[in-house]
Amino acid sequence: MKITHIEHIGIAVKSLETAISFYETKLGLKCYAVEEVFDQKVKTAFFQVGQTKVELLESTDPEGPIGKFIANKGEGVHHIAFATEGLQENLDELAENGIRLIDKNPRKGAEGLQIAFLHPKDTLGVLIELCEKSK
Ligand code: ZN
């Protein structure tokens, strides 16, 4: 298993517009990209904070993962994404060690990253995303 740094923190918001305004005007961060991830039924906005990003997630469908999350828990931290090297090997290693995976194989996330989620029941309640830059 090789994790290099925290790639981003995913935060579920009801309104991307309201949230971007807060991060820009109150926290002084600058949104550098807005991208829709159709797969995940979300619109995302990114802020660079040192080596780590903040990824704001607005649902585009109440039945999507972020739509359901907000309905159950409200707005807030949704997941932590670790940058890895050798994503598929890392997933295989976790599965061999009995950690349930939401994604057994990497899939396409925002920003051209390959991503995979681990099952929060096996990660002490934190939804963990592993990601790797596409080669
Ligand atoms: Zn993410």
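The legends below describe close-up views of a predicted model.

Residues are numbered from 1 along each chain as its sequence is written, and side-chain values use heavy atoms, with hydrogens and water left out. Because this is a predicted model, local features need pLDDT of at least 70 and side-chain atom pairs count only at pLDDT 80 or more, while totals for chains, interfaces and linings use all residues.

View 1. His8 (NE2), Glu55 (OE), His79 (NE2) and Glu129 (OE) are the protein donors of the zinc ion, at 2.0 to 2.4 Å from it. Donors are N, O and S atoms within 2.8 Å of the metal (3.2 Å for Na, K and Ca); water is not among the atoms, so sites may look incomplete. The angles subtended by the 4 donor atoms run from 82 to 171 degrees, which makes the arrangement irregular. Four donors count as tetrahedral if all angles lie between 85 and 135 degrees; four count as square planar and six as octahedral if opposite donors are over 155 degrees apart and all others between 65 and 115; anything else is irregular. Along the chain the donor residues follow the spacing H-x46-E-x23-H-x49-E. His8 belongs to strand β1 (residues 3-13) and His79 to strand β5 (residues 76-84), so the pair ties together parts that are 71 residues apart in sequence. Helices (H or I, at least four residues) and strands (E, at least two) are DSSP runs, numbered from the N terminus. Both His8 and His79 are buried. Buried means under 20% relative accessible area, exposed over 50%, and partly exposed in between (1.4 Å probe, protein chains only).

**View 2. Helix α1 and its buried side.** Leu16, Ala19, Ile20 and Tyr23 are buried in helix α1 (residues 16-26). They cover an arc of only 100 degrees around the axis, which puts them on the same side of α1. The arc is that of the directions from the helix axis to the C-beta atoms. An α-helix has 3.6 residues a turn, so residues three or four places apart point the same way. Glu17, Thr18, Thr25 and Lys26 are exposed on the face of α1 turned away from its buried side. The cover over the buried residues of α1 includes β1, β2 (31-37), β3 and β4.

View 3. In α2, the buried residues are Ile66, Gly67, Phe69 and Ile70. Their arc around the axis is only 165 degrees, which puts them on the same side of α2. Ala71 and Asn72 are exposed on the other side of α2. Among the elements that cover the buried residues of α2 are β1, β3, β4 and β5. Gly74 follows α2 and has a positive phi, near 85 degrees.

**View 4. The largest pocket.** This pocket has a volume of about 610 Å³. On a 1 Å grid over the protein atoms alone, a pocket is an open set of points with protein on both sides within 12 Å along at least five of seven lines, where a cavity is a set in which a 1.4 Å probe fits but cannot get out; lining residues have an atom within 4 Å of a point. Grid points are joined across faces, edges and corners, and a volume is the space filled by probe spheres set on the points. The lining of the largest pocket has 28 residues, of which Pro65, Ile66, His78, Phe117 and Leu127 lie nearest its centre. At least two lining residues come from each of β3 (42-49), β4 (52-59), α2 (65-73), β5 and β7. The largest share, 6 residues, is supplied by α2.

**View 5. Helix α3 and Asn90.** Leu87, Asn90, Leu91 and Leu94 are the buried residues of helix α3 (residues 87-96). They span an arc of only 100 degrees around the axis, which puts them on the same side of α3. Glu89 and Glu96 are exposed on the other side of α3. The buried residues of α3 pack against β5, β7 (113-117) and β8 (128-133). Asn90 has 4% relative accessibility. Leaving out residues up to four places away in sequence, Asn90 touches Met1, Lys2, Thr84 and Glu85; contact means heavy atoms within 4.5 Å.
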